[in-house]
Amino acid sequence: QVRDRVRFLSYLFYVADYRKTDLPYLHDDDNSDDWGRIRREPALDPDAIVAQAQATHGRYGFRDFKLKGGVFDGREEIKAIKALKKAFPNARITLDPNGAWSLPEAVDLCRDMVGTLTYVEDP
């Protein structure tokens, strides 16, 4: 045995508002804890992304996080990363913009993120 623990990261997602469509999205199906309550609610800003992280930490113990981005302007998604780091100063935080950024944009956005952003996947 090499180790008795392995750190896993929690995937965090921007979530659209189900109330703005007539599609039958699930909601209000689990009120057992914070994660059950918020996981299907809109998550469109840094505060909501931090709330997701706190909820996954509460239910599952996650201490590291990956934000699936490429949804908003890169500067907005960097605000979410900074908010996550403020809420979880010891976390390893990853961002996946899903190929939405150009290389110059990725370099510009991430240049000052040393110590905050651990990894940027597929900018």
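The model is predicted, so local features require pLDDT of at least 70 and side-chain atom pairs pLDDT 80 or more, while totals for chains, interfaces and linings use all residues. Residues are numbered from 1 along each chain as its sequence is written, and side-chain values use heavy atoms, without hydrogens and water.

Begin by selecting the four strands, which form an open, parallel sheet in the order 1-2-3-4. Strands (E, at least two residues) and helices (H or I, at least four) are DSSP runs numbered from the N terminus, and two strands pair if DSSP finds at least two bridges between them. Strand 1 and strand 4 are the edge strands, each pairing on one side only.

Next, select strand 1 (residues 9-13) and strand 2 (residues 64-68), which pair in the parallel sense over five bridges. Y11 stands opposite K66 of strand 2. On strand 1, S10 and L12 lie on the covered face, whereas L9, Y11 and F13 lie on the uncovered one.

Move across to strand 3 (residues 93-96): strand 2 pairs with strand 3 in the parallel sense over four bridges. T94 is the bridge partner of K66, and I93 is that of F65. I93 and L95 point one way and T94 and D96 the other, all of them buried (under 20% relative accessible area; exposed is over 50% and partly exposed in between, with a 1.4 Å probe and protein chains only).

The contact (heavy atoms within 4.5 Å) involves P46, I49, V50, A53 and Q54 of helix 2 and K79, A80, A83, L84 and A87 of helix 3.

**The loop residue.** Finally, select T116, in the loop between helix 4 (103-110) and strand 4 (119-120). T116 counts as buried because its relative accessibility is 17%. Beyond residues up to four places away in sequence, T116 touches I81, K82, K85 and I93. T116 and I81 are 35 residues apart in sequence, and their C-alpha atoms are 7.6 Å apart in space.
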